[in-house]
Amino acid sequence: MLGVEGLELGRDERAFLRDADPWGFILFARNVGDPDQLRRLTSDLRDAVGRDAIVMTDQEGGRVQRLRGPHWTEWPAALDSAADGERAVHLRHRLMGQELRAVGIDCDASPCLDIARDETHPFLRNRCFGSDPETVARMGRAAADGLLAAGVLPVVKHMPGHGRTRVDSHHDLPVLDAAPDELDRTDFAPFRALADLPMGMTAHIRLAQVDDRPATASPAAIALIRDRIGFGGLLMSDDIGMNALSGDVGQRAAAAIAAGCDLVLHCNATRAEFAQAVAAAGTMTDAAARRAQAALDRRGPPDAADPADLRDELRALLAPAGA
């Protein structure tokens, strides 16, 4: 899955994407202007590869949301949203999904199923739905169901659990030094509870008692996600441009695929680096293609809920008692 350069596709970029034929695309703030522009861009991306490809973004709420005001709703961060209860979380994500789907985005890299702790790095902490596995699982399910109702595929992240780490994986490699048996009861539990969802994303963290390599590049860690957590969906790497990984982009892409990831996510690079990653990742394995098709099969049409009615219900839920 590849990022793109700006607000529109140039002729050269369109030709590159046609030849590279990525499974899908990811959009960032640099790609977002207004609704009409964004609808044109998502349509052009699909035209470039000649099929109804997935278009994803990170729309979590709080500081991690690529579509912002004045054209789109400013949503609270997950940790703040969870304080309002499951129904509010569900309604927010259903409305969020409606806004995404209206501009051609049909996949959201959300919910985060990491567990917030006192030591969790600030880059992640308020993106978590809670500080215990049960709350995170309940709120994560409410969020995922809201997105699916709006016709948007959720992507659970960051597998197998980033919450204990004290380092930002955009800059360094976090190390999680806990035994798998302990993680079973805590960090793995929300992912196990939502293992039926169609898509997931790895964490660039090193499980010190499992492997010396980051989970994204570790066959042992990917096996743990598949077998111990029980996740059978389409598994993509987190962005291979992040500094938690070592080697050039080709080496990173090849390592992720060799470890057992189905897809490599590459968000921001030069055209040459994108080409290097595409070549190193290769074509999907038969097993990955089956999981990809199963994910696409979950991409249903949005339900007929009136957004005004959903917003009225959300406002009523959030109104002070007696107001």
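Start with the open sheet of four strands, ordered β8-β10-β12-β13 and paired in parallel; two strands pair if DSSP finds at least two bridges between them. Strands here are DSSP runs (E, at least two residues) and helices are runs of H or I of at least four residues, both numbered from the N terminus. β8 and β13 (263–265) are at the edges with a single partner strand each, so one side of each has no neighbour in the sheet. From one strand to the next the twist averages 30°.

Before moving on, note that this is a predicted model, in which local features need pLDDT of at least 70 and side-chain atom pairs count only at pLDDT 80 or more, while totals for chains, interfaces and linings use all residues. Residues are numbered from 1 along each chain as its sequence is written, and side-chain values use heavy atoms, with hydrogens and water left out.

Now select β8 together with strand β10 (residues 199–202): the two run parallel and are joined by two bridges. Show V156 and look across to β10, where its bridge partner is G200.

Next, go to the loop between β8 (156–159) and β9 (175–176) and select T165. Is T165 buried or exposed? T165 is buried, with a relative accessible area of 1%; buried means under 20% relative accessible area, exposed over 50%, and partly exposed in between (1.4 Å probe, protein chains only). Which residues is T165 in contact with, leaving aside its neighbours within four places in sequence? They are E119, T120, H121, P174, V175, L176 and I205, where contact means heavy atoms within 4.5 Å.

The next stop is another open sheet, this one of five strands in the order β1-β2-β3-β6-β7, with parallel pairing. Its edges are β1 (2–3) and β7 (153–154), each with a single partner strand, so one side of each is left without a neighbour in the sheet. Select β1 and strand β2 (residues 24–27), which pair in the parallel sense over two bridges. L2 has F25 of β2 as its bridge partner, and G3 stands opposite I26 in β2.

Axes are lines fitted to C-alpha atoms, for helices over the stretch in contact, and angles run from 0 to 180 degrees between N-to-C directions. Show R14, L17 and R18 in α1, which meet D44, L45, D47, A48 and V49 in α2. By class, this contact has four nonpolar, no polar and four charged residues. Ala, Val, Leu, Ile, Met, Phe, Trp, Tyr, Cys and Pro count as nonpolar, Asp, Glu, Lys and Arg as charged, and the others, Gly among them, as polar.

Finish at α9 (residues 249–259) and α10 (residues 271–281), packed at about 30° with axes 8 Å apart. These two helices are therefore roughly parallel to each other. On α9, show V249, G250, A253, A254 and I257; on α10, E273, Q276, A277, A280 and A281 complete the contact. The residues of this contact divide into seven nonpolar, two polar and one charged.

Note on methods
Angles under 35 degrees count as roughly parallel, over 145 as roughly antiparallel, 65 to 115 as roughly perpendicular and the rest as oblique.
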